[in-house]
Amino acid sequence: MADTESQRGRLVVVSNRIPKGDVPAGGLVFALHEALRGSGGLWIGAAAPTPTAEDGLTSIGSGNYDRATFALSDAEYEGYYLGYANSVLWPLFHHRPDLLQIGEGDFDAYVTVNRRVARAIANTVGPDDLIWIQDYHFLMVAHELRAMGLHNRIGIFLHIPFPSPTDIMALPQVAMMPAWLAAHDVVGLQTTRDVTSAAEMLRHDTKTQTLGQGAWSREGRVFSVLNFPIGIDAAGFEASAARAPAPDLQMAPNAPLLLGVDRLDYTKGLVHRFEAFDAYLSARDDASPRPTFLQIAPPSREDVEAYQDIREELERTAGSINGAHADLDWTPLRYVRRHVPRDRVAGLLRRADVALVTPLADGMNLVAKEFVAAQDGADPGVLILSHFAGASEQLKDALLVNPFDTASFARAIDEAVNMPLEERCARHAALRKVVFSTDIAWWMSSFIRSLRNSTPAAPAPWGNMEIS
Ligand code: GDG
């Protein structure tokens with residue numbers, strides 16, 4: 001970030017996850033680190049849970065910028081993180097209201113943690129500091145800050161989709177949502193689809209008026225809801241993929257490699273993907289080179305029941321596909337349920353002939369962009385991308401599929417495996433242009449510019465919300 005910007009107030013970033021030691025290369029955490037390294041400022045994130053939690057921040061590092069954690073008790077971790085954030089907001093925002101687990105007391109824990117974070121911010125910021133909140137863990141923080149009388153510019157970026165107007169009705173706190181959003185100056189979403197869903201919700205709120213062009217007004221406050229599609233460190237990822245050692249997969253030299261890389265999450269469409277691969281295997285010409293589909297799926301949120309269910313279902317499906325198609329010298333589906341080092345992921349994304357990025361719902365999906373950056377433009381692989389990934393709004397030259405339609409998904413795999421070089425090159429060149437021109441630096445500067453240019457929060461009669 002330019003020096004002139006840094007002189008206009010500190011950047012204070014809040015995210016649930018914060019690196020406690022070395023900052024891992026790549027990903028959002030790395031991007032936030034890079035931004036703060038340039039501008040200076042403060043990064044606040046959650047500490048590991050302990051039996052009891054006090055207010056305040058604990059410094060965990062300083063240098064170009066400071067890092068600090070807020071405390072979480074074991075009970076708050078259960079209620080705020082596993083409960084309200086990941087068993088209510090996550091499924092709801094990913095169009096899965098059937099998976100909601102509305103636990104008694106979970107929302108109270110969410111309120112407690114959001115208030116603690118807000119108090120910590122209020123105690124540390126100066127009037128010109130910019131506050132940038134990340135994601136669904138902190139939907140109420142800005143509202144709390146306004147209640148405390150803060151007039152700073154506050155932005156939030158939601159990394160996940162915005163729920164549809166019908167799904168959102170399943171949220172017990174739906175009536176509070178417009179006030180939560182209106183407490184920010186800029187609400188950043190991934191796609192225009194998300195902006196449309198948020199607009200639908202705001203239009204139904206009698207206290208909110210549209211001002212056009214993404215601007216809204218509610219009880220005297222003006223705020224914007226805009227989309228800022230997140231990108232990757234495209235040049236950095238391209239370089240690390242190019243220098244990664246070729247993976248030793250023990251495959252026949254001309255055999256196609258299909259690759260999936262996802263956190264093990266029910267939103268990522270892994271079972272549907274396995275079923276489409278099964279249908280493709282059943283229909284393929286036996287004389288063609290035998291493909292391998294490698295799925296890397298490190299577990300996440302294992303304490304949440306829905307994640308245990310999807311893990312069991314995937315294992316059953318993988319077993320039955322290999323049972324039906326494997327031979328003495330061929331395992332068509334390789335399922336690796338563990339975290340793989342980043343340089344090896346980059347090497348695999350470079351080696352892959354086809355990437356399967358087929359979530360049922362996804363804010364953006366960075367793997368789609370990483371695959372494009374990793375590929376060799378002279379002989380590129382093919383990206384199969386779900387319509388339901390936010391990335392599909394930008395990456396229109398991928399082979400776009402509906403993951404629920406197994407037969408056409410299987411045909412797309414066949415088309416990808418057999419696509420002529422000329423078409424692969426043309427599609428890749430178009431995708432590469434998008435991935436490099438809207439990279440992570442572009443995303444950060446677009447958001448921060450929009451936040452800096454927003455109207456400063458006018459003093460407003462801001463009462464504490466009633467929580468029953
Ligand atoms: C949320 C939104 C949005 C995966 N397995 C391994 C590994 N990964 C890396 C990938 C990629 C990242 O994790 C996953 O990013 P995604 O974007 O695919 O998905 P979420 O984690 O769900 O992220 C999403 C994102 O926020 C950013 O706004 O795009 O929609 O849900 O970078 O490469 N990395 C390593 N080993 C693995 O086994 N090293």
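I'll start with G61, which counts as partly exposed because its relative accessibility is 24%; buried would be under 20%, exposed over 50%, and partly exposed is in between, with a 1.4 Å probe and protein chains only. Before going on: this is a predicted model, where local features need pLDDT of at least 70, side-chain atom pairs count only at pLDDT 80 or more, and totals for chains, interfaces and linings use all residues. Residues are numbered from 1 along each chain as its sequence is written, and side-chain values use heavy atoms, with hydrogens and water left out.

G61 sits in strand β3, residues 57-62; strands are DSSP runs of E, at least two residues, and helices are runs of H or I, at least four, numbered from the N terminus. Leaving aside residues up to four places away in sequence, G61 touches D66 and R67, a contact being heavy atoms within 4.5 Å. G21 is 40 residues from G61 along the chain, and their C-alpha atoms are 8.6 Å apart.

Now the ligand. It is surrounded by 22 residues, and the closest are H159, V340, D362, L366 and E370; a residue is near if one of its heavy atoms lies within 4 Å.

Next, the polar contacts, meaning pairs of N or O atoms within 3.5 Å. A side-chain N or O atom of H159 is 2.6 Å from a ligand oxygen. For K268, a polar side-chain atom lies 3.1 Å from an oxygen atom of the ligand. At V340, a polar backbone atom is 2.5 Å from a ligand nitrogen.

As for the elements around the ligand, α12 gives the largest share of the shell, three residues.

Note on methods
A polar contact is a pair of N or O atoms within 3.5 Å; within protein, one must be able to donate a hydrogen and the other to accept it, and residues adjacent in sequence count only if both atoms are side-chain atoms.
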